[in-house]
Amino acid sequence: MLYEKGINTAAETVFKGGVIIIPTDTIYGFSCDPRNDHAVGRIRQIKARDSKPFIILDSSPERLLSIYFSSDMFISDFIGLMISEKIWPGRVTLIADKNRDLELDFLKEFDKIAVRYTDNNVVKAICDKIRFGIVSTSINVSGEEEINDIGLIKEDWNDRADFILERGNSGKKASTIIELITEDKKIRFLREPDKGSSEKIKKMISDRFDICR
């Protein structure tokens, strides 16, 4: 019950424009409403991060598809394969051309967006509350090692967020990152924290899509 109450508090905090720290399907991270420029700016300041964009987490395939430029058949076909092969929802972040009508200030200078489709119950509760995806970024100063120990997070980062949702165990690895190169119709793996998982994904997609080697 206490954990469920904490999830509700996290969702309410984001709804009101706050910054939170939550466990995800990968590691602990900062989150906020990506449409709230002030909250996004706070996270950027906390992490001493430059203009590099943040990723979006969402639990709704319908919302997720509306974020991408899904009228491009290459993008829509690849997303369809990810879902049909049960790669999504999962620990895979996909970078692809964004919807040209998407109005997110922190992405206005970028043509692409990074999104992870997850069935994580914490993320789902927050996304359902704000009816949109959420920003997610690791707990660290940019360029330094990610922090995933809740004890250290509470000790060193407690005053940086409006609410911290504690869970005994979070994921131990960051997500695999895949980029779609639309102009070449090719797939590039940018981050592979779990080589076994990456190779499995490559086998699933190699019959239909060209992978950059």
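1. Basis of the values. The model is predicted, with local features requiring pLDDT of at least 70 and side-chain atom pairs counted only at pLDDT 80 or more, whereas totals for chains, interfaces and linings use all residues. Residues are numbered from 1 along each chain as its sequence is written, and side-chain values use heavy atoms, with hydrogens and water left out.

2. Sheet order. An open sheet of 10 strands runs β7-β1-β2-β6-β3-β5-β4-β8-β9-β10, with mixed pairing. β7 (163-164) and β10 (210-211) are at the edges with a single partner strand each, so one side of each has no neighbour in the sheet. Strands (E, at least two residues) and helices (H or I, at least four residues) are DSSP runs numbered from the N terminus, and two strands pair if DSSP finds at least two bridges between them.

3. Strand pairs. β3 pairs with β6 in the antiparallel sense over 3 bridges, and L57 stands opposite I134 in β6. With β5, β3 pairs in the parallel sense, also over 3 bridges; here I56 stands opposite V115. Strand β1 (residues 20-22) and strand β2 (residues 29-32) are antiparallel over 3 bridges, with S31 in β2 as the bridge partner of I20.

4. Faces of β3. From strand β3 (residues 55-58), I55 and L57 point one way and I56 and D58 the other way, and all are buried. Buried means under 20% relative accessible area, exposed over 50%, and partly exposed in between (1.4 Å probe, protein chains only).

5. Nonpolar core. The largest nonpolar core has 69 residues, of which Y68, I187 and I205 touch the most other members. Helix α4 (residues 73-84) supplies the largest share of this core, 6 residues. Such a core is a set of buried Ala, Val, Leu, Ile, Met, Phe, Trp, Tyr and Cys residues joined through side-chain atoms within 4.5 Å. Leaving out residues up to four places away in sequence, Y68 touches several residues, among them I75, I79, W88, L94, I113 and V115; contact means heavy atoms within 4.5 Å.

6. Residue S138. S138 lies in strand β6 and is buried, with a relative accessible area of 15%. Beyond its neighbours within four places in sequence, S138 is in contact with I27, Y28, G29, F30, K47 and E146. The C-alpha atoms of S138 and A174, 36 residues apart along the chain, are separated by 8.7 Å.

7. Largest pocket. About 730 Å³ of space lies in the largest pocket. Its lining has 32 residues, with R49, K52, I55, I177 and R191 the closest to the centre. Two or more lining residues come from each of β4 (92-97), β5 (112-117), β6 (134-138) and β9 (186-191), and β5 gives the largest share, 4 residues. A pocket is an open set of points on a 1 Å grid over the protein atoms alone where a 1.4 Å probe fits, with protein on both sides within 12 Å along at least five of seven lines; lining residues have an atom within 4 Å of a point. Grid points are joined across faces, edges and corners, and the volume is the space filled by probe spheres set on the points.

8. Second largest pocket. This pocket holds about 260 Å³ of space. Among its 16 lining residues, R91, V92, T176, S197 and I201 are the closest to its centre. Helix α7 (residues 195-205) gives the most to this lining, with 4 residues.
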